[in-house]
Amino acid sequence: MEFSFIHISDIHIGRAFSSINNYAFDEKVKNIYNNATEKAFNRFIDFSLSAQPDFILISGDTFDNIEQDFKSKLILKEGLKKLEKNGIKVYLICGNHDPVNAYNKNTFDFDENSLIKIIGINSERYSDFTVTDKDNNKIAVIHALSYTENHMSENPLKYFSTIKEDEKDTFHIGLLHCDIENSDNSQYAPCKADELRNFNYNYWALGHIHIPIKKDNNIFYSGTLQGRNPKETGIHGFRFIKVNNNIIIENKFIPSDIIRFEDMEINLSDTKDITSSYSDISDKLNNFILNETNSLCELFLIRLKLKGNIEFYDEINDEYYKTITEKIKDIFSSKIYISDINNETNPKIDENILKNDDGISGEIYRTADNENINEAFNKAQADFSNIISYCKFTDEEYSQFKTELYEEIKKSLINLANNVYFNENKEDIVYE
Ligand SMILES: [Mn+2]
């Protein structure tokens with residue numbers, strides 16, 4: 001027997017975007033922000049209507065708050081109703097952001113014939129129940145637990161029941177909002193992956209962690225539907241799972257995000273001057289966006305981390321941030337914004353100063369001469385001779401490998417000397 005379901009979590013309807021630098025705000029962007037959650041939610045609804053899964057699991061934190069505005073309630077209620085109208089069952093548990101009392105009884109009191117079930121509102125706080133398909137065949141057993149308060153410091157698994165003898169041939173799912181393998185004193189239903197495995201369920205549909213995580217073939221965090229701050233980097237969406245004879249035959253991640261956050265590190269050590277830094281940064285962003293041509297994202301917010309020992313260190317200031325942000329916005333017609341810039345560069349120190357320094361930086365710099373590297377290289381070669389022989393280098397390849405490695409070592413030693421010198425002499429360096 002074949003069936004399919006969707007696992008989605010942490011929709012956080014009503015949650016605002018946060019920690020975004022002012023440079024990344026203008027009318028166009030504000031519009032995208034304001035509609036992103038609703039739009040991402042609608043992508044999930046549209047996907048569901050076309051994929052027609054037998055049921056949908058929502059693993060908590062559907063609302064961002066216990067109290068919601070009218071619009072947030074409407075988004076959820078209308079979405080759920082659309083799914084129900086199309087014969088799709090929905091099972092929703094409550095998380096720490098939306099414990100059971102977040103669901104107003106008048107709005108969310110679905111009767112027992114409804115295809116929508118909010119665990120803790122339309123059932124007990126913990127429930128085991130059987131799911132049937134449209135032809136009334138038993139397809140799965142779901143074990144689900146909701147939060148009744150905005151925290152749960154006890155291990156949630158004490159509520160869960162083991163598989164009954166006469167239900168061994170059914171597909172079992174755990175639906176839970178929890179904190180796995182974090183500290184034991186987590187306030188958000190702490191438990192361990194091994195404890196989940198002990199239940200021998202076929203799939204754990206987890207919520208709480210906003211980054212999608214595959215713990216193993218049976219334990220998944222689907223992640224949040226749409227990242228809301230620069231910490232929630234990378235792709236976001238939900239999962240679509242197909243099961244045949246109790247075996248998962250398909251488990252796909254479906255992207256739904258409208259805005260994507262990314263961190264990007266740029267080393268400007270080899271960049272000549274401030275003007276070429278603009279093109280070096282935009283080249284790197286261009287490579288990034290080329291990999292995203294199939295993405296449905298409308299906006300990429302990039303947090304830049306500038307690194308390296310650079311010539312134009314004293315020109316990296318607020319004015320520079322503004323200019324680079326404007327330039328990137330123009331070059332990528334407002335599809336890429338710099339959301340923040342972390343400056344982790346050091347000034348480039350004149351090599352003659354390093355060479356003649358009588359402190360530790362001079363010591364390191366002088367190690368970078370060929371004789372010393374040669375000694376280090378020979379030692380490494382002896383230590384790693386097994387690995388090197390695995391590589392089956394030709395003579396030419398080996399000599400190229402050696403040259404590149406030499407260059408790398410030399411460069412890192414000079415950079416290290418540079419950084420040590422800078423940190424020791426910071427106060428005394430005067431810029432003109
Ligand atoms: Mn959450």
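User: Hey, where in the chain is H12 found?

Analyst: In this predicted model, H12 is found in the loop between β1, residues 2–8, and α1.

User: Is H12 buried or exposed there?

Analyst: H12 is buried, with a relative accessible area of 1%. The cut-off for buried is under 20%.

User: Where is D61 found?

Analyst: D61 is found in the loop between β2 and α2. D61 is buried, with a relative accessible area of 1%.

User: OK, on to the metal. Which residues coordinate the manganese ion?

Analyst: The manganese ion is coordinated by D10 through OD, H12 through NE2, D61 through OD and H210 through NE2, at 2.1 to 2.4 Å.

User: How are those donor residues spaced in sequence?

Analyst: The spacing pattern is D-x1-H-x48-D-x148-H. D61 and H210 link distant parts of the chain, being 149 residues apart. D61 sits in the loop between β2 (55–59) and α2, while H210 sits in the loop between β10 (203–207) and β11 (213–216).

User: Nice. Is H210 buried or exposed?

Analyst: H210 is buried, with a relative accessible area of 12%. That value is under the 20% cut-off, so H210 counts as buried.

User: Switching to helices now. At what angle do α1 and α2 pack?

Analyst: Helix α1 (residues 27–51) and helix α2 (residues 70–85) pack at an angle of about 5 degrees, and their axes are 10 Å apart. That makes α1 roughly parallel to α2, because angles under 35 degrees count as roughly parallel.

User: Which residues make that contact?

Analyst: From α1 the contact uses E38, F41, F44, I45, S48 and L49, and from α2 it uses K71, I75, L76, G79, K82 and L83. By class, the residues in the contact of α1 with α2 are seven nonpolar, two polar and three charged.

User: What about α8 and α11, how do they pack?

Analyst: Helix α8 (residues 360–367) packs on helix α11 (residues 395–425) at an angle of about 170 degrees, with their axes 8 Å apart. The two helices are therefore roughly antiparallel to each other, since the cut-off for that is over 145 degrees.

User: Who's involved on each side?

Analyst: On the α8 side there are I360, S361, I364, Y365 and T367. On the α11 side there are L413, I414, L416, A417, V420, Y421 and E424. The contact of α8 with α11 has nine nonpolar, two polar and one charged residues.

User: Last topic, sheets. What's the strand order in the three-stranded open sheet?

Analyst: The order is β15-β16-β18, and the pairing is parallel. The edge strands are β15 (259–267) and β18 (336–343), and each pairs on one side only. From one strand to the next, the twist averages 20 degrees.

User: How many bridges pair β15 with β16?

Analyst: There are nine bridges between β15 and β16 (residues 299–307), in the parallel sense. M264 stands opposite L304 in β16.

Methods:
Residues numbered from 1 in each chain as written. Predicted model: local features only at pLDDT ≥ 70, side-chain atom pairs only at ≥ 80, totals over all residues. Heavy atoms only, no water. Pairing = 2+ DSSP bridges. Helix = DSSP H or I, 4+ residues; strand = E, 2+ residues; numbered from the N terminus. Axes fitted to C-alpha atoms, helices over the stretch in contact; angles between N-to-C directions. Parallel < 35°, antiparallel > 145°, perpendicular 65-115°, else oblique. Contact = heavy atoms within 4.5 Å. Nonpolar A, V, L, I, M, F, W, Y, C, P; charged D, E, K, R; others polar. Donors = N, O, S within 2.8 Å, 3.2 Å for Na, K, Ca; no water. Buried < 20%, exposed > 50% of the residue type's maximum accessible area, 1.4 Å probe, protein only.
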